[in-house]
Amino acid sequence: MTKDPAAEDEQVNEAVDAQDAGEVNWEQEAAQWKAQAEEHQNRMLRAMADMDNLRRRVRKEQEDLAKYASLKIVEELLPVLDNFERALAADKESMTVESLLTGVNMVYRQMVQVFEKEGLTPIEAKGAPFDPHVHQAVMQTQDPEFDSGVVVAELQKGYMFKDRVVRPAMVQVNE
């Protein structure tokens with residue numbers, strides 16, 4: 001069994017050629033994977049930059065919102081301030097106590113309307129059962145006209161802003 005040396009050389013050359021072709025495919029495939037990895041890396045970096053920009057923009061918007069949150073109420077109170085200034089500039093010689101009280105009452109009603117429009121409401125106290133969430137008991141008394149635990153007198157008004165207590169009402173409670 002003798003082998004033909006020329007046939008063996010041809011087989012070896014074919015194997016080398018096949019191996020070389022395999023290496024070229026591996027190199028091409030590696031280059032493709034590398035290009036794809038670089039593309040994904042670039043996309044990720046752009047997405048991270050977009051997220052950072054979004055965070056900065058949201059933080060700035062929140063800061064501006066907090067900074068200018070009271071702008072609307074300030075604008076609505078400006079007419080009240082104007083009316084106070086007019087009252088102070090009025091002729092002191094011709095002003096009567098009645099006209100002064102009328103003007104102060106008008107300005108007071110205007111201010112109450114602005115606060116009510118924004119959601120500020122007074123807390124009902126006198127005659128209501130004592131509620132520690134909205135009332136602050138500072139005194140106790142014994143009054144036969146009221147049941148036990150009922151608010152007898154309001155010493156200072158309390159206020160709610162929408163659904164939150166801004167200031168509890170200072171009250172006197174029946175024992």
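**Strands, helices and core**

Modeller: Thr121 stands opposite Met160 in S4. Please bear in mind that this is a predicted model.

Biologist: How do S1 and strand S4 pair, and over how many bridges?

Modeller: The pairing of S1 with strand S4, residues 159-161, is antiparallel and runs over 3 bridges.

Biologist: What is the strand order in that open sheet?

Modeller: The open sheet has 3 strands in the order S1-S4-S5, and the pairing is antiparallel. Strand S1 (120-122) and strand S5 (164-167) are at the edges with a single partner strand each, so one side of each has no neighbour in the sheet. From one strand to the next, the twist averages 35 degrees.

Biologist: Let us turn to the helices. At what angle do H2 and H3 pack?

Modeller: Helix H2 (residues 71-89) packs against helix H3 (residues 97-118) at about 175 degrees, and their axes are 9 Å apart. An angle over 145 degrees counts as roughly antiparallel, and H2 and H3 are therefore roughly antiparallel to each other.

Biologist: Which residues make the contact?

Modeller: On the H2 side they include Lys72, Ile73, Glu76, Leu77, Val80 and Phe84. On the H3 side, Val107, Met111, Val114, Phe115 and Glu118 are among them.

Biologist: Take Met111, then. Is Met111 buried or partly exposed?

Modeller: Met111, which lies in helix H3, has 28% relative accessibility and therefore counts as partly exposed. Buried would require a value under 20%.

Biologist: What does Met111 touch, leaving aside neighbours within four places in sequence?

Modeller: With those neighbours left aside, Met111 is in contact with Leu77, Val80 and Phe84. Leu77 is 34 residues from Met111 along the chain, yet their C-alpha atoms are separated by 7.0 Å.

Biologist: And Glu118: buried or exposed?

Modeller: Glu118 has 15% relative accessibility and so counts as buried. Its place is in helix H3.

Biologist: Which residues surround Glu118, again leaving aside neighbours within four places in sequence?

Modeller: On that basis, Glu118 is in contact with Lys72, Ile73, Glu76, Phe161 and Lys162. Of these, Lys72, Ile73 and Glu76 belong to the H2 side of the helix contact, while Phe161 falls within strand S4, residues 159-161.

Biologist: A change of topic: which residues form the largest nonpolar core?

Modeller: The largest nonpolar core has 5 residues, namely Ala125, Val151, Ala169, Val171 and Val173. Strand S6 (residues 169-174) gives the most to this core, with 3 residues. As a general point, nonpolar side chains in soluble globular proteins tend to be buried together.

Biologist: How many residues of S6 are buried?

Modeller: S6 is mostly covered, with 5 of its 6 residues buried.

Biologist: Which sense of pairing does S6 have with strand S2, parallel or antiparallel?

Modeller: Strand S2 (residues 135-141) pairs with S6 in the parallel sense over 6 bridges. Thr141 stands opposite Asn174 in S6.

Biologist: And with strand S3, parallel or antiparallel?

Modeller: Strand S3 (residues 151-156) pairs with S6 in the antiparallel sense, over 4 bridges. There, Gln156 is opposite Met170 in S6.

Notes:
Residues numbered from 1 in each chain as written. Predicted model: local features only at pLDDT ≥ 70, side-chain atom pairs only at ≥ 80, totals over all residues. Heavy atoms only, no water. Pairing = 2+ DSSP bridges. Helix = DSSP H or I, 4+ residues; strand = E, 2+ residues; numbered from the N terminus. Axes fitted to C-alpha atoms, helices over the stretch in contact; angles between N-to-C directions. Parallel < 35°, antiparallel > 145°, perpendicular 65-115°, else oblique. Contact = heavy atoms within 4.5 Å. Core = buried A, V, L, I, M, F, W, Y, C linked by side-chain atoms within 4.5 Å. Buried < 20%, exposed > 50% of the residue type's maximum accessible area, 1.4 Å probe, protein only.
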